[in-house]
Every structure is written in C-alpha cells, then in structure tokens.
Amino acid sequence: MSNSIIEVSNLSVEYTRNGKKIRAVAGVDIQLAPGEILGLVGESGCGKSTLGKTIVGILKGAEGEVLFNGKSVEKIGRGRRDPHFLNLQMIFQDPYGSLNPRRKIGEQIADGPMIAGVSKSDALKKAQSLLERVGLPANAVDRFPHQFSGGQRQRIAIARALAISPTAIIADEPISALDTSSQAAVANLLVNLVEEFNMGMIFISHDLSIVRRISDRVAVMYLGKIVETGKTEDIWNSPSHPYTKALIAAIPHADGQSFVPLDLPGDVPNPAFPPSGCRFHPRCPVAQSQCSSVEPLKVSLKDGREVSCVLQEAGTMPKAITF
Ligand code: SF4
C-alpha cells in the first residue's frame with residue numbers, strides 16, 4: 001500500500017521471562033492507510049498489545065521495521081519526542097492508568113500542543129474545545145481524573161490523543177474496561193473522529209463483533225503471527241483461515257441463533273514454546289499431514305486478502321473451510 005501512514009514489515013518482538021526468550025510478535029506485516037480503521041483481533045496473549053506498543057515505539061522490535069509516515073519509529077527515543085511522531089498516538093485500555101491523578105485534565109491535554117510550540121493559553125483553549133468535542137463539559141479542564149466515570153476518562157484520553165491532530169491512533173482495547181452503555185458510545189465516537197480528522201486507527205480488540213461493526217479491514221493474530229488480513233465483510237462472510245472461522249463462529253450473531261461456542265482443542269500454546277510448522281496445527285480441526293512440520297507461506301488471494309494456510313492457493317478465490 002503506497003499511501004500507508006503505518007507500514008510494519010517483518011516485525012518481530014522478543015522479551016525474556018524466567019530466563020526464556022519469548023517471541024511475542026513473529027514476522028508481522030501490516031499497513032494502515034489514512035481514514036482507515038484496521039481491526040487487530042485474536043485471543044488474549046496472542047501478541048496484539050505487544051504489536052501495538054511496538055508500533056508507537058514503547059517497545060523495541062528485535063527484527064524488521066515500523067515506519068510512521070516514512071520514518072522509523074526507532075527514532076522516537078525515550079526523551080523529548082521528535083515532533084514527527086507527535087501525530088502518532090496511543091489510547092490504552094485503562095484510561096485512569098494513563099492519566100496523572102494529580103494534574104488537572106486541561107493541563108494534561110494541553111501538554112501535547114505546548115510541546116509542539118503552542119502557547120499555554122491557546123493550548124488550554126484547545127483542550128476545552130476538544131473536551132466538548134468528545135462529549136464532556138468545557139469546565140472539565142479544571143477537574144481531576146477521579147472526578148469522572150470510566151467512560152468519561154476514556155473520552156478524556158481520546159481528547160488528549162487528538163490534541164496534536166494525530167494522523168494515526170493505536171487504540172488498545174479502548175472500550176473493554178468500560179460498562180456496556182459506554183462501550184458503544186466510545187466506539188462510535190472513535191469512528192466519527194477517524195473520519196473527521198482523516199486519521200488511521202488500529203483498533204486492537206478481542207471482541208470480533210465490535211471490530212466487525214467499525215473496521216474497514218481486519219488482521220487476525222494467532223500466537224505472534226498474522227494469519228489472515230482482508231476486508232472486514234469478506235473475512236466475516238467467508239473466513240479463509242480455520243482459526244478465523246473458529247473465532248467468528250464463537251461470537252453471537254445478530255439473529256441470536258447462529259452462536260456456536262469456540263470449540264478448539266486445548267488452549268493457546270505457551271509462546272515460549274510455539275508449535276513447529278503451522279503454530280495453529282495442534283488446535284486446527286482440518287490440519288494436514290505437513291502442517292506440523294512446514295510453516296505455511298503467506299499467499300495473496302484473488303479478493304485481495306492475505307492468508308497463511310496450506311488450504312488456500314495464491315491468486316484464487318478463498319476456498320471454504322468446513323469443520
Ligand atoms: Fe490448519 Fe494446516 Fe492451515 Fe495451519 S496450515 S491452519 S494447521 S490447515
């Protein structure tokens with residue numbers, strides 16, 4: 001994708017736990033275009049949050065590259081942020097944890113514009129208008145995080161991310177800690193803001209139903225790897241990877257009747273000891289004889305999606321997966 005704001009190429013991220021090296025992200029490629037929402041889905045522990053944190057430079061990659069508007073995020077550094085990267089923002093699951101409890105909301109939102117050279121009074125005015133834009137009263141600038149509900153605090157975190165006109169936002173489970181009534185409202189707010197600001201957003205979630213509702217494209221992650229990427233409706237209507245099919249089958253459909261529990265054998269394997277060959281093979285209901293030894297190549301299908309499974313053939317329409 002030539003006009004990508006975010007370009008992740010062959011990215012691997014490692015950490016050490018109990019003396020054992022764990023590759024949490026293993027050779028991932030994804031792109032994000034302006035105005036696009038990419039849903040990143042997978043079970044807990046699959047590496048999607050690690051991937052998000054590496055994209056914004058919080059974690060360092062062991063191999064590969066992440067470009068934001070053409071510049072490597074390795075250059076973000078720990079100290080004063082390179083102005084190029086001010087337009088790359090992250091929203092976290094726990095808005096309270098990402099806000100300073102002892103500082104007024106307005107000051108926290110004004111930080112970004114002030115780093116970018118805006119005067120304090122103008123930055124505070126901007127904070128006020130952004131708070132109103134995300135549905136909070138303008139006088140919230142003078143209040144502290146504990147004076148707001150969880151949903152309101154996430155709105156504050158969103159206002160702070162918007163304060164320096166971001167071109168890309170990485171939203172890591174931004175609604176999963178909120179009560180049900182706030183979830184839809186905050187998700188709708190994010191969708192509207194992506195369009196209004198022509199940003200791109202990577203929306204990280206374990207909840208495929210919300211991802212289906214708001215995303216243009218979906219990337220499905222399993223044990224550190226992206227196993228399928230494509231347009232949301234294509235993937236939803238005809239998943240081409242067995243894991244995607246199982247994930248979709250496990251969520252309640254709108255008719256309330258098609259719900260089939262996720263019924264894969266075993267749990268997600270320990271990422272310290274990933275299975276050989278296709279990492280999904282111990283749980284795959286349609287595994288082939290070669291799957292335990294040969295890692296499937298990523299292939300591009302005729303409808304534009306990319307998938308890593310021996311059952312699919314490059315350049316053809318996706319074959320239906322049945323089990
Ligand atoms: Fe299943 Fe084999 Fe495809 Fe992996 S490559 S998802 S084990 S069929």
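A salt bridge is taken here as a side-chain nitrogen of Lys or Arg within 4 Å of a carboxyl oxygen of Asp or Glu. In the predicted model, a search of the whole structure returns 16 such salt bridges. One of them joins the side chains of lysine 125 and aspartate 122, at 3.8 Å from N to O. Both residues belong to helix H3 (residues 120–133), where they are three residues apart, about one turn of the helix. Lysine 125 counts as exposed, because its relative accessibility is 54% and the exposed class begins over 50%. Aspartate 122, with a relative accessible area of 41%, is partly exposed.

A second pair consists of glutamate 295 and lysine 225, whose side chains meet at 2.8 Å, N to O. Glutamate 295 is partly exposed at 43% relative accessibility, and lysine 225 is partly exposed at 22%. A further salt bridge links glutamate 306 with lysine 298 at 4.0 Å, N to O.

An open sheet contains eight strands in the order S6-S7-S8-S3-S9-S10-S12-S11, and its pairing is mixed. Strands S6 (88–91) and S11 (298–300) are at the edges with a single partner strand each, so one side of each has no neighbour in the sheet. On average, neighbouring strands are turned by 20° against each other, direction ignored. Strand S3 (residues 37–41) pairs with strand S8 (residues 200–205) in the parallel sense over five bridges, and leucine 40 stands opposite isoleucine 204 in S8. Helix H8 (residues 242–249) packs on the sheet, in contact with S3, strand S9 (217–222) and strand S10 (225–231), and its direction makes about 105° with that of S9. Helix H4 (residues 150–162) lies across S6 and strand S7 (168–172), running at about 175° to S6.

The largest nonpolar core has 55 residues, of which Ile109, Leu131, Ile158 and Phe203 touch the most other members. Helix H5 (residues 180–197) gives the most to this core, with six residues. Domain 1 (6–87 + 164–314) and domain 2 (100–163) both contribute residues, so the core lies between them. Among the contacts of phenylalanine 203 beyond four places in sequence are Ile37, Leu40, Pro174, Leu190 and Ile214. Another core, of 29 residues, lies apart from the largest one and includes Val56, Ile76, Ala168 and Ile226.

Methods. Residues are numbered from 1 along each chain as its sequence is written. This is a predicted model: local features need pLDDT of at least 70, side-chain atom pairs count only at pLDDT 80 or more; totals for chains, interfaces and linings use all residues. Side-chain values use heavy atoms; hydrogens and water are left out. A nonpolar core is a set of buried Ala, Val, Leu, Ile, Met, Phe, Trp, Tyr and Cys residues joined through side-chain atoms within 4.5 Å. Buried means under 20% relative accessible area, exposed over 50%, partly exposed in between (1.4 Å probe, protein chains only). Helices (H or I, at least four residues) and strands (E, at least two) are DSSP runs, numbered from the N terminus. Domain bounds come from an automatic or database domain assignment. Contact means heavy atoms within 4.5 Å. Two strands pair if DSSP finds at least two bridges between them. Axes are lines fitted to C-alpha atoms, for helices over the stretch in contact, and angles run from 0 to 180 degrees between N-to-C directions.
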